[in-house]
Amino acid sequence: MDRIAIVGLDCRFPGAPDAGAYWELLMRSGDGISSVPRQRWDAADFHSPTPAEGRANTTEGGFIDDPDAFDNEFFTVSPREAAAMDPQQRLLLQCAWRAVEDAGIAPKQLAGTSTGVYVGIMGNEWAQLHLTDYDRVSAQVGSGNGYCMTANRVSYHLDLKGPSLAVDTACSSSLVAVHLAGNALLSGECDYAIAAGVNVALTPALSIFYNQAGLSAPDGRCKPFSAQANGIGRGEGVGAVVLRRLEDALADGQQVYAVIRGTAVNQDGRSNGITAPNRWSQQEVIGAAYRRAGIEPDQVAFTEGHGTGTVLGDMMEVSALGHHHAGRTGRPMALGSVKGNFGHTEGAAGIAGLIKVALSLHHGTVPASRFAAKENERLDLRGKGLRLLKAPLRLPRGASVAGLSSFGMGGTNAHAVLESAPPAAARPAARPDERPRGIGSALFTLTAPSPQALHRNLAAQADALSARRAPVGAVGWNSHRVKSGHRHRFAVSAPDTATLVQRLHAAVADPALFAGLTGEAGGAPRTAFLFTGQGSQYPRMTAGLYEESPLYRHFLDEADAALRPHTGRSVRDLVLTGDESVHLTQWAQPALFAVGHALGRTLQELGAEPSLLLGHSVGEYAAACLAGVFPLDAAARLIAARGALMQQLPDGGGMLAVLAGPEELAERLADEPEAGIAVVNGPHATVLSGDSMALMRLDKEFERDRIRTRTLRVSHAFHSHLMEPMLDDFAEVAREVGGGVPRLPLYSTLYGRLLDGEAMDADYWVAHIRRPVLFADAFTALRDAGPSHTVEVGPSPVLSSLTRKLPPPESGTRPVVTAPVRGADSGGQDLADTVAELYRGGLDPRWENAYETRDQAPYRLSPYAFSDEHRYWTAGPARRSGAPAPTVTPDGPARPAGRSTDTGVLVLERPAPADPVTEAALSAIGQVGGYEVAELGPLLRLYEDLGFDSVMVMELKKRLEERLPALAELTVQDLLPRLASVGDLVDFLREYCAPAIDSTQERTA
Amino acid sequence: MSDHPQDRQVHLASVGTALPGEAVGNAELARVLGANEEWIEMFIGTRTRHFARDLKTGAVRWSLADLCAQAGERAIAAAEVDPGDIDFVVLGTATPDTLMPATVNNVVDLLGLDQVPTFQLQSGCAGAVQALSLGRTLIASGEYRTGLVIGGDVCSKHLDVDRDLAKAAPSDLVNFVLFGDGAGAAVLTDEPRGAQVVLRHVLNRFTGLGRKPGQVIEWFGLADRYDDRQALTEDYKAIEEHVPVMAVEILWELLGELDWSQDELDYILPPQLSGRMTRKITEQLDVPSATEISCVADTGNNGNALPFLQIERLLEKMTAGQKALAVAIESSKWIKAGFALERI
């Protein structure tokens, strides 16, 4: 299976700033041709409708917008270096980055790999403009130019270590680059390859060349295979594809636009002149590609032709295709060329064709070919088994095969055979989750090197996501995978796509909201888990999360299973069914433990490892369990025993929250031995516990002194002497359970400080029941250790509000407060919000646990939107020099070696210049070939002796027409058989022009 | 999806049309609207149109159902079929009288038919073709033998005669001078009869993925009746740019599907946007051997009535063995439509 998958692509062509716009342009048969932008050169200056030296016959062409824009800051390229860089390099860099993103890969993921870069390029005009100004050749100018640097830049900036090379085979460059990239993949030289092509027109040189060669269309438009075809129009563009071996792409579940089944490259060799298209070689390269692809010609549904729209070129091309297709069964093969839309993009022509074919196979529709409606009947397409794409062609269901040709002016031909991507059925089926994943809500994350870039890209994503329905899970999953790696981070929870789009638009529009949803990642966040204690429980707590999040469900089930042998019934079921008895101590304590454990483990599985731990009273059990003090089963046994033993204590105790500090209360408590301090939540927040009568007496005093109080709804007086009757029984269980030193920094509410190598053993847990909860001290100590975030691990954010009332730290800032469960309505979204907050703070979550497998599906997000703020261009547009500079004497075409010695002989053979037709013919041949008329003997062969080729023949025809208007009716095809020798041509012309000249004479007579 | 012309031939037995009242010339229209007559002639190229509303008073004289029933009645009569033989009725329109009941049901009621399946297709200029497509499919299925397909529109709902357009911008003005009202109908059968024309192929394809609508017609309810939204907006630039290109593609797609050569074509029924645009599109279609059948310069753009008005003119000329292709484009969401007729 030697097949290559096109997994990602990006491009920019005239009238189409990105791949989506390219497809749209193709589907509406759009015209990307415009006047030459003034930034390039003064088209009027170089224009001449009639043939003239140094002039072009057109002022139009296919030009891309904003070729000068370059996001140098993104690539950390200095403005000076950017200004010296060939814009082709800059365009390629951005294009390659976007193509990699389109493949569903964060470009940084490829860093350091052997990924290859193959760039097709034939224009070097930036160098011609800059490297000839010798005084200004700087180090930057040096590295900013040269074909090699186009590929090498991409390798450098993306840190790709595979082969990296530029390919110049003229107009076939980028398809040859694809061929080389495919071979490198198949030979195992690299596992990923970027194949690209680029072409930017900075000078009118090639337009003038096409004109002088008689190949230039006056309207600047290629009209492939059309009766209107009258030459080439130049086009610009940049395109890149990301290639992989098909089996690798399928194994990775990557999306595939299309498959390259086989490519072939050959050369004309010594043909009819170096620039002449050669039908036989084209035919051979097409056949070779078919063989390599293992297909018969009649399998090919359509072919993207080279199709430059020159009479000779079109004829050669359809003849070559006709060789393979003339006898085919079924419908003729459909043929078209994108050159009709925006001209011949030269070095980028192959990649333009490749992307068009890939998108056609991807969409199941082949766009119509511009100008095809007026078919060139002389091509006899039907007779060759071909038909033009005059309307879009819907491909039949199932796989289709397509061909793609690209031919170089110097005779290097390339052909590729592509095929539709394998159907979903051919891919490995998504395995069911072998372990629990998913938090019940997606998140959307985006990163960029600066806040401005983040903002710009958010806007781009918002627009793209609002255009079409998108599965929110896959959108979120791919945002994490592809849009990662930059310093500035954005994150929001995304319960569904519509909400996500609305949130993105809101963040784009509101700077304060934007600031709140973004963060700058330094290192990983230092997270403190705060486990909530008794009083925070309620019926159906975390039921929403249990329903929505398989991950949380798994851990609550796990805790329930561990508790069940000791509680006798399912704590989980008791909670989820909304049983009010969850408020009974017997159930509240194991239920809170189960919820705390499940939330803590869920967060851990998401990559949010706690750096610091704290549990408020009973919350300390889940904290200790998470810190490895004892295994889950042991913790479950201990907390179940604790709750049950407390439940058995007689009634008669209570608790009273007082807005006063422990010092203030000490004096009053001295007289009430039946009550005492149970909890210190803050400097002015204390909870008293003990005999209810004693508490009532105290409460009256507080009322008198206007100290605010609140009687807590508790069954027992926790942390008071009333707990003493259960301590012996509890200690017995605790001794059996044991308990070690926490493996993570744990701040004890028993001691009000960090545990310093002290075991949380039976003695600890017994004291923990009887002695007050020193939350304020414990939290203050924890906070001084500098956590960046607190995460409240419990069913409601009780501790979060307590900590807000504590005085701010002496140094540093308050940690960011988060709570994955905010209340009775909480579900996956609140947990996602917590993950989002931690992500903004630098956490790299284990996303694979946050999404169910079915959501871990590929989805192509809109690629990175680069800044167009910075512009780099040449000092000024190319201008025509006033007069021919004496120092510049461009030589004509190279003369055959040793010719001068033969001159004498030739002169002798020269025919007498007796008539105007002969004179005209000789002077035209002389002008085109660069010979003196005196040198042109009748026996000289045009091709073999005078070095003529097809380009020169086209020009010769034009020069002859100027001199002999009667030739206007004559076609190049008519002329071709008459070009054996100078004498033959002269004879033919004299014969052809004779009546016309006679009639002229008659009129003048 | 393309139909399967070989499966079962579907015939067009007759056409009937209905244009309300007298033709309204440019001079009269210009006078009522305060517009420039010359401008209408030069830039729209439409000479006359018909309105279901009284141009002087603005009073409604005919409903869409009235016009459709009239056209349907004429088509049934011309086909010489018993009204009781009509197995189904399909109506394509962009301007129903009411959202409910669907106008097709009132048409059927006016025709005195009962117990027949009815369908109404909400569509602009492609609605008539969509109705033909559905009718053809229903008959080709073998379940039905004779059906009435109708297309009609009453655009004058938006012709506010109280408005002075003397200073209106061309883009606004166009909406008032482009349109007209009317209806047309055809009887489709599973055997040759009446006009003896085979409906060879029908194309109906959405091609507007990701594209902005070229035309939007709003509708208003109690909650938004006072919203300051234009009832009818058109992106004329986009229409001028894309419709000719699409028309050429439709022509060639139909020819390709039918395996007809361009030279075989005797008649071409181009899209009827306006006198001027239709001339321009016909030039681009470039089928010099085929006779153009157009009506918009006389009837105005009356939407889904147009293909039937064109077929009516076609049938006057068409002789046995001749072939015709029709091209229609709905620029609202860029729908390509067309059909092929051959007289036997």
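Let's start in chain A. Helix H21, residues 585-605, and helix H22, residues 619-626, have axes that come within 8 Å and cross at roughly 40°. The crossing of H21(A) and H22(A) is right-handed. Keep in mind that this is a predicted model.

Who makes the contact? From H21(A), we have A:Leu592, A:Phe593, A:Gly596, A:His597 and A:Gly600. From H22(A), the partners are A:Gly619, A:Tyr621, A:Ala622, A:Cys625 and A:Leu626. By class, that contact has six nonpolar residues, four polar and no charged ones.

Stay on H22(A). How many of its eight residues are buried? Eight of eight, so H22(A) is mostly covered. The buried set is A:Gly619, A:Glu620, A:Tyr621, A:Ala622, A:Ala623, A:Ala624, A:Cys625 and A:Leu626. Just after the helix comes A:Gly628, with a positive phi of about 80°.

Still in chain A, two loop residues. The first topic is A:His716. Look between strand E24, 709-711, and helix H26, 724-737: A:His716 is in that loop. Is A:His716 buried or exposed? Buried, because 21 other C-beta atoms lie within 10 Å, and the cut-off for buried is 20 or more. What does A:His716 touch, beyond its neighbours within four places in sequence? The contacts are A:Thr585, A:Met646, A:Leu649, A:Gly653 and A:Leu722. A:Thr585 belongs to the 585-605 range of H21(A). For a sense of distance, take A:Arg90. A:His716 and A:Arg90 are 626 residues apart in sequence, and their C-alpha atoms are 73 Å apart in space.

Next, A:Asp855. This residue sits in the loop between helix H31, 847-850, and helix H32, 899-909, of chain A. Why does A:Asp855 count as partly exposed? Because A:Asp855 has 18 C-beta neighbours inside 10 Å, and buried needs 20 or more, exposed 12 or fewer. Setting aside neighbours within four places in sequence, A:Asp855 contacts A:Ala442, A:Gly473, A:Ala474 and A:Trp477. A:Arg370 is 485 residues from A:Asp855 along the chain, with 41 Å between the two C-alpha atoms.

Now across to chain B. How many residues does each chain put into the contact between them? Ten from chain A and ten from chain B. On the chain A side, the residues touching chain B divide into five nonpolar, one polar and four charged.

Within chain B, another helix pair. Helix H3, residues 64-79, and helix H4, residues 103-110, have axes that come within 9 Å and cross at roughly 50°. That angle makes H3(B) oblique to H4(B). Their crossing is right-handed. H3(B) brings B:Leu64, B:Ala65, B:Cys68, B:Ala69 and B:Gly72. H4(B) meets them with B:Thr103, B:Asn106, B:Val107 and B:Leu110. The classes here are six nonpolar, three polar and no charged.

Last stop, helix H5 of chain B, residues 127-140. H5(B) has 14 residues and reaches 19 Å from first C-alpha to last, close to the 20 Å expected at 1.5 Å a residue. How many of the 14 are buried? Twelve, and H5(B) is mostly covered. Among the buried ones are B:Val129, B:Leu132, B:Leu134, B:Leu138 and B:Ile139, along with B:Gln130 and B:Arg136. After H5(B) comes B:Gly142, with a positive phi near 90°.

Technical notes. Residues numbered from 1 in each chain as written. Chains lettered and ligands numbered in written order. Predicted model: local features only at pLDDT ≥ 70, side-chain atom pairs only at ≥ 80, totals over all residues. Contact = placed C-beta atoms within 7 Å. Nonpolar A, V, L, I, M, F, W, Y, C, P; charged D, E, K, R; others polar. Axes fitted to C-alpha atoms, helices over the stretch in contact; angles between N-to-C directions. Helix = DSSP H or I, 4+ residues; strand = E, 2+ residues; numbered from the N terminus. Parallel < 35°, antiparallel > 145°, perpendicular 65-115°, else oblique. Left-handed = near helix turned anticlockwise from the far one by under 90°. Expected span 1.5 Å × (residues − 1).
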